[in-house]
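Below is a walk through a model of two protein chains, written for someone who has not looked at it before. Keep the structure in view while reading.

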Amino acid sequence: MSDTLLDVRGISVFHGQLCAVDDVSFSLRRGEILAMIGANGAGKSTLLRTIAGLHHPSSGAVLFDGEDIAKLSPNRRVRLGISLVPEGRRLFSSMTLEENLQVGAYRANKGPFTIQRIYELFDWMPGRRRQSVWQLSGGEQQAVAIGRALVANPKVLLLDELSLGLAPIVIERIYALVPEIVAQGVSILIVEQDVAQGVAVADRVHCLLEGRTSLAGAPGDLTSDQIDHAYFGADVSHAGPDESATQ
Amino acid sequence: MIWLNVVIQGVLIGGFYALFACGLSLMFGVLKVINLAHGDIAVVAGYVAVFLTPHLHIPEVWSFLVVVPIFGLVGYVVQRTLIQKSIDRDPFTTLLVTFGLSVVIENLLLEIYSANGQSVNIGDLIAKSWHPASIIYVSYVSLGVLAVAVAVLGLLQLFLSRTGTGRLIRAVADDREAAQLSGANYRHIFGIAAAIAFATVALAGIAYGMMTQFAPTSGGVNLLFAFEAVVIGGIGSLWGTLIGGIALGVAQQFGAHFNPEYQILAGNVLFLVVLAIRPQGLFGRRTALA
């Protein structure tokens, strides 16, 4: 069993004429947390959705456990151990909290995460399991979305913009769970617009700019200037102090 | 007493409308496909019951035991081949394809069986009725169809809410992509939904043949009533479809009471009033997840 779980090799993804992801390569090791950061429209979500099987790359390959998964549908990839928590949570709106988890568990792999285990992870859930999900707050909905992906017992969990539209305290609580998930042997690939959050939680950071890799490395080896530059493209480190001086 | 009779007759026919419409509602809710051949499939089931099952030495009354499962299977296959291919192109194609299917079915039936009316032979049961009061006659056949409709809708509701496969069907209806990300093979789920739709409408077609006569072109007008029942009740709610069917049936009977020409008109007026006042239907949901 090789150390690399997910190996993305030079993939390019187009939305019609637009090249959203341009020749991006990276790999994810077992038990690792990789944060994919970048501005709006940098291609992060497209990359994640491609790994989940919702988009198809025009070139390059995605290897999972050493196997090329290009031809597999999203549901087959779930069986292999790839689960995506989509941007905007995308819960089943006509269902209760528990039913959402049951859908996730229906075609699940064997593993540590059961609905019971999710209820232990989020102790507010059991009391509200019969509520419709649209009665839950944004943060609670995000927790249900994570639970729904976890009960499939993925080897790699893809998290797309967890923090979107949530209060800082709620984001903090959700990110506090990440180490617990990793402790169960799950690798995590996070897409984040919130750089600080991504850098804080990740073992390695991969920055995208307009579809291309602009920076990659361990957070400790990267300076904030480097990250700013990779994130925005322009050399903002000089503009910053001048601006503050004039105020 | 006259009015009570009008309501009773409306409820009886409403049960049939609901049985006819529930598959249409399911196909639209899950596949987002409006199956314009829905009514014609019911008519085909009627013809199969009248002309083909006698070869198997099955009395026509019991033909549904064979015809309904076969149509379920046909539904799955038609979905996985013809309809899925058109969904993959674009939503508009499904309208063209099912419309074309409807034309082909009607003309094939005309070619093979002529335009003569047919009915499913149920012996002297057709003339028997319950007579609780002076002017109220409740036909056993209509009562039986209403009971079957309620039972089918109830079982379908249980299936959708209590079983894993049922939940997946609802998940795909809510959000196809999210359902895929939860491990659902949406094409298979589409197939199951189509199988249920074809099976229930086949049952409705045979019930129609027991209550009255059908001809190759009977599908269209029943499809219209099914649409109205679904819209009045609210898309995505099975009990809503039953109430919608009953409301439509009662409205039609009221219209017919004043003048037989007003029967269909009264149903259409109710349909338009509901569309104007409550476009999501009586039991439809308007709330969406923020």
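The pLDDT is the predictor's confidence in each residue, on a scale from 0 to 100. It is the place to start, since this is a predicted model. In chain A the mean confidence is lowest in helix α10 (residues 236–246), at 46, and highest in strand β6 (residues 82–85), at 96. Chain A as a whole averages a pLDDT of 89, and 94% of its residues score at least 70. The pLDDT is below 50 over residues 239–247 of chain A, and this stretch has zero contacts in the model beyond near neighbours in sequence. Where pLDDT is low, the predicted coordinates should not be read in detail.

Within chain A, one place to look is an open sheet of four strands. The order of its strands is β2-β1-β4-β5, and the pairing is antiparallel. Strands β2 (18–29) and β5 (67–68) of chain A are the edges, each pairing on one side only. Further in, strand β1 (residues 4–15) of chain A is joined to strand β4 (residues 59–64) of chain A by five bridges, in the antiparallel sense. A:Val8 has A:Val62 in β4(A) as its bridge partner. Helix α1 (residues 44–52) of chain A lies across β1, β2 and β4 of chain A. The angle between this helix and β2(A) is about 65 degrees.

Which way does it run relative to strand β8 (residues 187–192) of chain A, parallel or antiparallel? The two strands run parallel, joined by five bridges. A:Met36 stands opposite A:Val191 in β8(A). Strand β9 (residues 204–209) of chain A also runs parallel to β3(A), with four bridges between them. In that pairing, A:Ile37 has A:Cys207 of β9(A) as its bridge partner.

Are the residues of β3(A) buried or exposed? Five of its five residues are buried, and the strand is mostly covered. A:Ile33, A:Ala35 and A:Ile37 point one way from β3(A), while A:Leu34 and A:Met36 point the other way. Residues on both sides of this strand are buried.

Chain B can now be taken as a whole. Its secondary structure comes to 11 helices and two strands. Along the sequence these follow the pattern α-α-α-α-β-β-α-α-α-α-α-α-α. The radius of gyration of chain B is 19 Å, close to the 19 Å that the globule rule gives for 290 residues, so chain B is as compact as a globular protein of that length. Its C-alpha trace spans about 60 × 50 × 35 Å along the principal axes. Of the 290 residues in chain B, 49% are buried. Among contacts in chain B between residues at least 6 apart in sequence, 74% join residues at least 24 apart.

The last step is to see where the two chains meet. Here 18 residues of chain B are in contact with 25 residues of chain A. On the side of chain B that touches chain A, α6 (164–174) and α7 (176–181) of chain B each supply at least two residues. The largest share, six residues, comes from α6(B). By class, this side of chain B has seven nonpolar, six polar and five charged residues.

Terms used
Residues numbered from 1 in each chain as written. Chains lettered and ligands numbered in written order. Predicted model: local features only at pLDDT ≥ 70, side-chain atom pairs only at ≥ 80, totals over all residues. Contact = placed C-beta atoms within 7 Å. Nonpolar A, V, L, I, M, F, W, Y, C, P; charged D, E, K, R; others polar. Buried ≥ 20, exposed ≤ 12 C-beta atoms within 10 Å, placed from the backbone. Pairing = 2+ DSSP bridges. Axes fitted to C-alpha atoms, helices over the stretch in contact; angles between N-to-C directions. Rg over C-alpha atoms; globule rule 2.2 N^0.38 Å.
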